[in-house]
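The following paragraphs lead through the structure shown here, from a strand residue to the salt bridges and then to the nonpolar cores. Please keep the sequence and the model in view while reading.

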Amino acid sequence: MIDRKWWILHGMYCSGTVYVDAGAVVALARFKKSLFAAGVKRVEGVFSSNQAVRVVYEPETNGEPVDVIEIGHGLVNYTSAEISRIRGCHSSEFEAILGYCDSDNVINRGNMVITIPDQVLDDVFVTRTHKTKIRAEQRVPVPASSSNLSAI
């Protein structure tokens with residue numbers, strides 16, 4: 001798997017850029033999820049499916065120029081035109097919009113390499129709610145008491 005990730009990151013030319021929202025950044029980088037169309041804000045460039053793209057986050061400001069934060073690289077399941085049409089939509093709406101549905105996600109987790117450092121992720125994106133969820137997921141599950149036991 002390491003060779004595949006290296007190939008996606010260094011061996012393929014990025015044909016375009018997919019801009020995502022902050023929720024998608026946390027889902028991708030912290031929780032290791034796939035990129036869904038609901039988290040896509042816009043698309044730059046012209047590319048076809050199965051081509052490499054950059055996944056970036058652009059902070060919202062009041063007209064001031066800001067640097068984008070690169071989240072990673074990935075292989076897309078749809079073309080740039082199709083992603084532009086389905087961005088912000090739920091996966092169940094793809095067939096009505098496109099006429100078909102090849103995949104529920106824009107980039108599958110196995111086809112993505114995350115490049116954002118954990119320190120940047122923690123400082124910029126992870127809110128108190130997310131930190132509570134992360135701590136809860138890191139806890140060892142406690143076995144539930146059995147209600148089938150009768151008093152001895």
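Threonine 17 is found in strand β1; helices (H or I, at least four residues) and strands (E, at least two) are DSSP runs, numbered from the N terminus. The model is a predicted one, in which local features need pLDDT of at least 70 and side-chain atom pairs count only at pLDDT 80 or more, while totals for chains, interfaces and linings use all residues. Residues are numbered from 1 along each chain as its sequence is written, and side-chain values use heavy atoms, with hydrogens and water left out.

With a relative accessible area of 9%, threonine 17 is buried. Buried here means under 20% relative accessible area, exposed means over 50%, and partly exposed lies in between (1.4 Å probe, protein chains only). Leaving aside residues up to four places away in sequence, threonine 17 touches Arg42, Val43, Glu44, Phe47, Arg54 and Val56; contact means heavy atoms within 4.5 Å.

Several of the charged residues in this part of the model form salt bridges. A salt bridge is defined as a side-chain nitrogen of Lys or Arg within 4 Å of a carboxyl oxygen of Asp or Glu, and by this rule the count comes to three. In one of them, the side chains of glutamate 44 and arginine 42 meet at 3.1 Å, N to O. Glutamate 44 is partly exposed at 36% relative accessibility, and arginine 42 is partly exposed with a relative accessible area of 30%. Arginine 42 also meets the side chain of glutamate 58 in a salt bridge of 2.7 Å, N to O. Because glutamate 58 lies in the loop between β3 and β4 and arginine 42 in strand β2, this pair ties together parts that are 16 residues apart in sequence. Glutamate 58 counts as partly exposed, at 27% relative accessibility.

Arginine 54 forms a salt bridge with glutamate 70, with 2.8 Å between the closest N and O atoms. This pair links distant parts of the chain, since arginine 54 is in strand β3 and glutamate 70 in strand β4, 16 residues apart. Arginine 54 is partly exposed at a relative accessible area of 27%, and glutamate 70 is partly exposed at 26% relative accessibility.

The nonpolar residues come next. In soluble globular proteins, nonpolar side chains tend to be buried together. A nonpolar core is a set of buried Ala, Val, Leu, Ile, Met, Phe, Trp, Tyr and Cys residues joined through side-chain atoms within 4.5 Å. The largest such core has 27 residues, of which Leu35, Ile71, Ile83 and Ile107 touch the most other members. Elements that give two or more residues to this core include β1 (16-20), β4 (69-76) and β5 (107-114). The most is given by α2, with four residues. Among the residues that isoleucine 71 touches, not counting those up to four places away in sequence, are Val25, Leu28, Val55 and Val113.

Valine 113 has its place in strand β5 and is buried, with a relative accessible area of 10%. Beyond residues up to four places away in sequence, valine 113 touches Lys5, Ile8, Leu9, Ile71, Gly72 and His73. The C-alpha atoms of valine 113 and tryptophan 6 are separated by 8.2 Å, although these residues are 107 residues apart along the chain.
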